[in-house]
Amino acid sequence: MSQIGHNISLAERARRIRRNALRMGEVQGQGYIAQALGVADVLAVAYFHATNYRPEDPEWEGRDRFLLSIGHYAIALYAALIEAKIIPEDELETYGTDESRLPMSGMATYTPGMEITGGSLGHGLGIAVGMCLALKRKKSQSFVYNLFSDGELDEGSTWEAAMSAGSYKLDNLIGIVDVNQMQADGPSLGVLNFEPLAAKFEAFGWFVQRIDGNDISALVKAFDAARTHAGPEPRIIICDTKMAKGVPFLEARERNHFLRVEADEWAEAIRIIDAGVDA
């Protein structure tokens, strides 16, 4: 991971990521804010505990690759990249505007630290498999992380990639699936039942952990175990998260896949986040 700011707690990193996301959401007045708030703890641990990178050199060959398969979660990753000093904080105000390096869906050609272009769901894990095979040929020690959503479990390409990763014994692959139980069409399990999820990945030859994705201590242990696991298997961390975590009035909204927030509510949401954690 980056060597800057080791005196800042992971809980504070997560708070700042949430705050960055809310500030970007306020620029547009809407967005995939609930996902960003829900996955902030995962991103805090990934970027400030587990992942090797150099903020000043996002294309450093020795870096771990962090792939955002879920293109519409871009606001969450931007929030983490800003906190990691890969993207300047003053670009936050340009989110989703013309000529911005922070488009509403992630695009690798525009944004430092964005490894792949997202959008059509279900492709990230397949790209990760290819990257892992290439890094092995280079004798690289880098890991490839792939963050994907429970909605992407509905895509056949995800399971083809999962089978390939197990067959090729890609021990440099760490999958992270955000199980927040919400898709555009409604509750995830109501759209297509993917359970028992852990057993499915085990059957494909993965080392599997399932945790509370909003528990930072559990996340630290899971990332450490994934990186140090001795077996020749790909690794996956199944993260059960809460949509809009940290802002109760947004958590309570029944349909929060895409949130439209009133002008006065943004300030209230930021106030709640600011009151939550000390550095």
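Start with the lining of the largest cavity: by class, it has 6 nonpolar, 2 polar and 5 charged residues. Here Ala, Val, Leu, Ile, Met, Phe, Trp, Tyr, Cys and Pro count as nonpolar, Asp, Glu, Lys and Arg as charged, and the others, Gly among them, as polar. You are looking at a predicted model, where local features need pLDDT of at least 70, side-chain atom pairs count only at pLDDT 80 or more, and totals for chains, interfaces and linings use all residues. Residues are numbered from 1 along each chain as its sequence is written, and side-chain values use heavy atoms, with hydrogens and water left out.

Now select Tyr53, Asp64, Ile86, Gly113 and Glu115, which lie nearest the centre of the largest cavity among its 13 lining residues. A cavity is a set of points on a 1 Å grid over the protein atoms alone where a 1.4 Å probe fits but cannot get out, and lining residues have an atom within 4 Å of a point. The volume of the largest cavity is about 100 Å³, counted as the space filled by probe spheres set on the points, which are joined across faces, edges and corners.

Next, select residues 124-137, helix α4. Helices are DSSP runs (H or I, at least four residues), as are strands (E, at least two), numbered from the N terminus. Colour Gly124, Leu125, Ala128, Val129, Cys132 and Leu135 of α4, which are buried (under 20% relative accessible area with a 1.4 Å probe, protein chains only; exposed means over 50%, partly exposed in between). These residues cover an arc of only 140° around the axis, so they sit on the same side of α4; the arc is that of the directions from the helix axis to the C-beta atoms. Show β2 (65-68), β3 (144-149), α5 (156-167) and β4 (173-179) to see what the buried residues of α4 pack against.

Move on to α5. The buried residues of α5 are Thr158, Trp159, Ala161, Ala162, Ala165 and Gly166. They line one face of the helix, because they fall within an arc of 160° seen down its axis. Just after α5, find Lys169, with a positive phi of about 55°.

Last stop: Glu91, in the loop between α3 (74-83) and α4. Glu91 is buried, with a relative accessible area of 16%. Show Arg101 and Leu102, which Glu91 touches (heavy atoms within 4.5 Å), not counting residues up to four places away in sequence.

Note on methods: On a 1 Å grid over the protein atoms alone, a cavity is a set of points where a 1.4 Å probe fits but cannot get out, and a pocket is an open set with protein on both sides within 12 Å along at least five of seven lines; lining residues have an atom within 4 Å of a point. The expected span of a helix is 1.5 Å times one less than its number of residues.
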